[in-house]
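Biologist: I have a new model on my screen and would like to learn how to read it. Walk me through it feature by feature, please.

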Amino acid sequence: MVNGKKLVVSASPHLRSTTTTTKIMLDVIIALMPALAASIVIFGPRVLAVTATTVITAVLSEYIARKVMKRNNTIGDLSAVVTGLLLAFNLPVSIPLWIAAVGSIIAIIVVKQFFGGIGQNFANPAITARIILLLSFAKKMGDWTAPLSWRTDAVSTATPLASLASGETEGLPSMLDMFLGVRAGSLGETCALALIVGGIYLVARKVISPAIPLSFIGTVAVIMLIAGKGNLEFVAYQLMGGGLLLGAIFMATDYSTSPISFAGKIVFGIGCGILASLIRLFASMPEGVSFAILIMNLLVPHIEALTKPKPFGTVKEEKTKEAAAK
């Protein structure tokens with residue numbers, strides 16, 4: 001008793017929140033809706049078929065996997081729905097539906113459930129599944145459809161980054177088209193406006209910290225400014241082209257596969273930006289966001305070890321030894 005008040009001693013954590021995994025995932029789903037709506041307008045109603053396939057397969061895969069493994073079922077936390085949505089956003093609209101379903105099975109069962117489920121996977125499930133599909137079905141994964149062509153006959157075309165990589169600058173979309181998403185690309189990566197709106201919503205809801213997206217995108221901007229010899233148009237195409245905004249805002253910020261500390265987030269974002277830029281500039285493929293995030297996912301334990309904050313009130317070992325010697 002202190003001043004008539006009872007002191008209660010308990011184990012941490014001492015600060016608790018009413019926020020749940022389900023609420024967080026619901027916010028992510030809401031934040032993805034503008035990009036989904038834009039995708040339907042740009043690429044047509046088949047977007048719904050691809051998205052429904054990945055989401056339904058992801059939920060069923062999680063349900064069956066948890067049953068087989070005799071674990072409590074977790075489909076109610078909506079994380080499988082988010083994985084399905086993100087995977088769909090990383091696929092071309094022309095992808096065969098069976099390949100989309102295979103991607104969801106890989107993401108949920110192989111990447112997520114084999115390692116214990118949500119919070120225990122070492123890599124982002126949607127990104128890993130996309131990379132596996134890209135390596136396994138390269139032709140189908142690179143079959144890009146021209147924007148708005150669904151109203152007539154679907155026409156295959158190159159993405160802006162592919163055109164830049166090959167030196168073909170003629171016929172590139174305007175800056176306005178890039179911002180609004182009227183360009184070739186994966187379902188959810190094209191509309192910069194929709195992705196930014198979703199990102200602002202997540203930051204406002206305190207679901208994500210802006211540290212990773214800003215350091216990721218900022219690093220790419222600086223490197224591309226140097227590589228483009230100060231050409232701001234080149235930088236703009238690099239920032240709005242490919243899956244940079246989608247990856248930086250919605251995938252690199254995954255709780256399970258990104259650092260916890262602020263310093264760790266900055267290091268993680270800068271690392272993603274450097275790797276994505278190097279792949280874009282020097283590798284045989286025009287895009288590198290997915291590979292960059294996956295590589296940095298693997299380095300997260302080391303980043304957290306190096307950026308771990310010092311516990312309050314501790315004394316450095318060297319000082320302790322000096323005091324003991326005296």
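Modeller: Let's start with a helix pair: α1 crosses α3 in a left-handed way. A crossing gets that label if the near helix is turned anticlockwise from the far one by less than a right angle, and right-handed if clockwise. Helices here are DSSP runs (H or I, at least four residues; strands are E, at least two), numbered from the N terminus. Before we go on, this is a predicted model: local features need pLDDT of at least 70 and side-chain atom pairs count only at pLDDT 80 or more, while totals for chains, interfaces and linings use all residues. Residues are numbered from 1 along each chain as its sequence is written, and side-chain values use heavy atoms, with hydrogens and water left out.

Biologist: At what angle do α1 and α3 pack, and how far apart are their axes?

Modeller: Two packed helices are described by the angle between their axes and the distance between the axes. In this case, α1 (residues 21–43) and α3 (residues 79–89) pack at about 25 degrees, and their axes are 9 Å apart. That makes the two helices roughly parallel. The cut-offs are under 35 degrees for roughly parallel, over 145 for roughly antiparallel, 65 to 115 for roughly perpendicular, and oblique for the rest. Axes are lines fitted to C-alpha atoms, for helices over the stretch in contact, with angles from 0 to 180 degrees between N-to-C directions.

Biologist: Which residues make the contact between α1 and α3?

Modeller: Contact means heavy atoms within 4.5 Å. On the α1 side you'll find Met25, Val28, Ile29, Leu32, Met33, Ala35 and Leu36, and they meet Ser79, Val81, Val82, Leu85, Leu86 and Phe89 of α3. Sorted by class, that is 12 nonpolar residues, one polar and no charged ones. Here Ala, Val, Leu, Ile, Met, Phe, Trp, Tyr, Cys and Pro count as nonpolar, Asp, Glu, Lys and Arg as charged, and the others, Gly among them, as polar.

Biologist: How many residues of α3 are buried?

Modeller: Buried means under 20% relative accessible area, exposed over 50%, and partly exposed in between (1.4 Å probe, protein chains only). In α3, 11 of the 11 residues are buried, so the helix is largely enclosed by the rest of the structure. The cover over these buried residues includes α1, α2 (46–68), α4, α5 and α12 (244–251). Leu60, for example, sits in α2, and its C-alpha atom is 8.9 Å from that of Ala80, 20 residues apart along the chain. Ala80 is among the buried residues of α3, whereas Leu60 counts as partly exposed at 47%.

Biologist: Next, ring pairs. How many aromatic pairs does the structure hold?

Modeller: Two. Rings of Phe, Tyr and Trp (its six-membered ring) pair if their centres lie within 6.5 Å; planes under 30 degrees apart are stacked, over 60 edge-to-face, and the rest tilted. Trp98 and Phe137 pair edge-to-face, at 5.4 Å centre to centre and 90 degrees between the planes. Trp98 belongs to α4 (residues 97–112) and Phe137 to the loop between α5 (125–136) and α6 (138–141), so the pair ties together parts 39 residues apart in sequence. Trp98 is exposed at 53%, and Phe137 is partly exposed at 24%. Phe115 and Phe122 also pair edge-to-face, with 4.9 Å centre to centre and 70 degrees between the planes.

Biologist: One more: is Ser290 buried or exposed?

Modeller: Ser290 is buried, with a relative accessible area of 7%. You'll find Ser290 in α14 (residues 289–306). Leaving aside neighbours within four places in sequence, Ser290 is in contact with Asn90, Ile127, Arg130 and Ile131.
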